[in-house]
Amino acid sequence: MAGNAGRRGDGRLTHDLDPQDLGPQDACGVFGVWAPGEDVAKLTYFGLYALQHRGQESAGIAVGNGRQILVYKDMGLVSQVFDESTLEALKGHVAVGHARYSTTGASTWHNAQPTFRPTADGSIALAHNGNLTNTRELAEQVRGLPSFTGELDIHARNLELSTNDTSVVTALLAHHPDTSLEERAAELLPQVRGAFSFVWMDEEALHAARDPQGIRPLVLGRLERGWVVASETAALDIVGASYVREVEPGEMVTVDADGLRTRRFAQAQPKGCLFEFVYLARPDTRISGQRVHSVRVEVGRRLARAETVIRSPADADLVIPVPESGTPAAIGYAEASGIPYGMGLVKNSYVGRTFIQPSQTIRQLGIRLKLNPLRDVIEGKRLVVVDDSIVRGNTQRALVRMLREAGAREVHVRISSPPVKWPCFYGIDFATRAELIANGLTPAEICESIGADSLSYISLEQLVEATGLPGDDLCRACFDGVYPVPLPEEGHLGKHLLETPAPDSTADLRVEVEAEGLATSRLGGGAVDALDRP
């Protein structure tokens with residue numbers, strides 16, 4: 001294992017320029033492979049590379065060779081964490097990998113995954129995408145285990161100080177003295193609630209499971225000499241695996257020398273995340289049989305057509321996207337509206353968040369470090385600017401100002417998702433509800449706040465129809481506030497959930513947990529100060 005000593009700046013770029021102005025972030029991407037005779041470490045590396053968009057703060061790979069598991073993880077991008085010599089040292093036939101995004105304050109090496117526990121009954125390494133809602137209850141079960149006396153006394157024990165909900169599940173899975181890991185998982189998984197796509201392994205076998213609602217994606221692929229599981233089909237493509245199917249909600253998959261077998265640990269109640277179609281997933285990924293790019297183009301078409309029904313569409317000269325996530329919808333909008341499509345903004349793909357705290361100079365530069373306007377294209381033009389979502393409104397406000405300074409005559413903002421009014425408790429790190437601009441302001445007030453000439457969102461009904469999936473099979477909580485998995489009481493939600501004992505207990509909970517994606521609150525009256533922001 002390897003890691004950084006702390007959060008001091010190392011100059012590495014990972015995602016966002018300003019930690020105080022983050023867009024929606026997914027908790028992570030997971031990848032697993034069982035393929036004797038293949039270089040599983042490098043396959044996992046390339047799989048994580050394809051999933052880098054799902055998490056940019058840390059990365060890790062665990063490899064099993066039948067006798068032991070080796071784990072290497074560190075802070076930074078996949079390409080920064082691993083090099084040729086590191087991957088060469090990870091030899092085996094089974095591997096799991098993880099690319100992580102964390103909430104503020106939890107970006108530490110100890111929270112990098114896969115989590116690892118070496119025990120006398122066999123070691124386990126686990127990677128998790130999603131967020132659990134009964135973490136405190138599970139942590140109480142960890143506290144009630146006989147002890148950690150079965151854990152091997154090696155130095156790694158002192159290193160495994162994870163402060164995330166994944167470590168709780170890893171500890172519970174690792175305790176199986178009288179049964180196999182597979183049977184232990186079948187016993188434990190029905191007790192785990194929330195959103196989870198788990199990929200885990202022991203020295204011999206690969207396992208994967210998806211929560212009964214299937215909120216976070218997980219797919220199964222076939223190699224010539226093995227099997228692959230991954231968060232998105234794009235990761236299968238990059239390693240040359242053929243797509244087989246999605247791991248079903250409530251299903252556990254096991255691959256070992258006896259082949260692939262599955263079992264159902266809970267009845268499927270599909271509620272796939274709608275925001276995957278809006279923003280999170282790669283456009284070349286397929287979800288429930290639908291190519292994400294095609295869905296986003298159709299959303300743009302519907303956004304333009306809906307305007308012709310309600311009122312005349314924006315009388316504009318050019319449709320431009322906010323790259324990259326706004327590009328497919330802008331293509332569809334231009335096609336349906338008849339307004340020409342063009343590239344008015346150039347994105348610097350290599351600018352991201354640095355571990356060095358941004359200076360005031362960087363804050364003032366802001367969006368210009370990510371996007372630069374093509375003055376020759378937009379000067380004197382009436383623009384339709386298509387973006388995927390508005391969270392706090394800060395980015396759109398700066399963008400509109402920049403376009404006007406570059407000579408745009410009018411700026412009409414079109415959003416390819418409904419207003420985001422509710423935080424996510426299933427693995428997406430949105431702002432708190434008090435910070436979500438749509439929670440406190442009407443679309444007309446948001447339009448005034450960001451300085452646009454007009455603003456229009458697609459409706460929730462039109463967005464759902466564009467996916468081609470039944471609305472009842474989708475989680476739409478960030479748009480309508482209806483949470484498909486019941487949430488615990490307020491005191492059992494939050495970033496530092498288990499840093500202190502439960503109110504009804506004076507016992508010391510030794511597993512400190514930050515539930516990924518829960519740096520949010522159901523409280524707050526909305527972003528009512530948005531109209532006064534500079």
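Which residue just after helix 16 takes a positive phi?

Modeller: This is a predicted model, and the residue in question is Gly451, with a phi of about 80° just after helix 16. Helix 16 covers residues 443-450, and Ile446, Cys447, Ser449 and Ile450 in it are buried. Viewed down the axis of helix 16, these buried residues fall within an arc of 160°, so they line one face of the helix. The face turned away from the buried side of helix 16 carries Ala444 and Glu448, which are exposed. The cover over the buried residues includes two helices, helix 14 (394-405) and helix 15 (437-440). Strand 22 (410-415) and strand 24 (454-457) are also among the elements that cover them.

Another positive phi is found at Ser288, a residue other than glycine, where the value is near 50°. Ser288 sits in the loop between strand 16 (286-287) and strand 17 (290-291). Its relative accessibility is 36%, so Ser288 counts as partly exposed.

Other loops hold cis peptide bonds. One joins Gln113 and Pro114, with omega about 10°. Pro114 lies in the loop between strand 5 (94-100) and strand 6 (115-117). Another cis bond joins Pro323 and Glu324, with omega about 0°. Glu324 belongs to the loop between strand 18 (318-321) and helix 11 (327-337).

For helix packing, take helix 6 (residues 165-174) and helix 7 (residues 181-188). From helix 6, Val169, Leu172 and Leu173 meet Leu181, Arg184, Ala185 and Leu188 of helix 7. The residues of this contact comprise 6 nonpolar, no polar and 1 charged.

Last comes confidence. The protein chain has a mean pLDDT of 83, and 77% of its residues reach 70 or more. Over residues 103-107 the pLDDT is below 50, and this stretch has 20 contacts in the model beyond near neighbours in sequence. Residues 353-358 also have a pLDDT below 50, with 30 such contacts. Where pLDDT is low, the predicted coordinates should not be read in detail.

How values were computed: Residues are numbered from 1 along each chain as its sequence is written. This is a predicted model: local features need pLDDT of at least 70, side-chain atom pairs count only at pLDDT 80 or more; totals for chains, interfaces and linings use all residues. Side-chain values use heavy atoms; hydrogens and water are left out. pLDDT is the predictor's confidence in each residue, from 0 to 100. Contact means heavy atoms within 4.5 Å. Helices (H or I, at least four residues) and strands (E, at least two) are DSSP runs, numbered from the N terminus. Buried means under 20% relative accessible area, exposed over 50%, partly exposed in between (1.4 Å probe, protein chains only). Ala, Val, Leu, Ile, Met, Phe, Trp, Tyr, Cys and Pro count as nonpolar, Asp, Glu, Lys and Arg as charged, and the others, Gly among them, as polar. The arc is that of the directions from the helix axis to the C-beta atoms.
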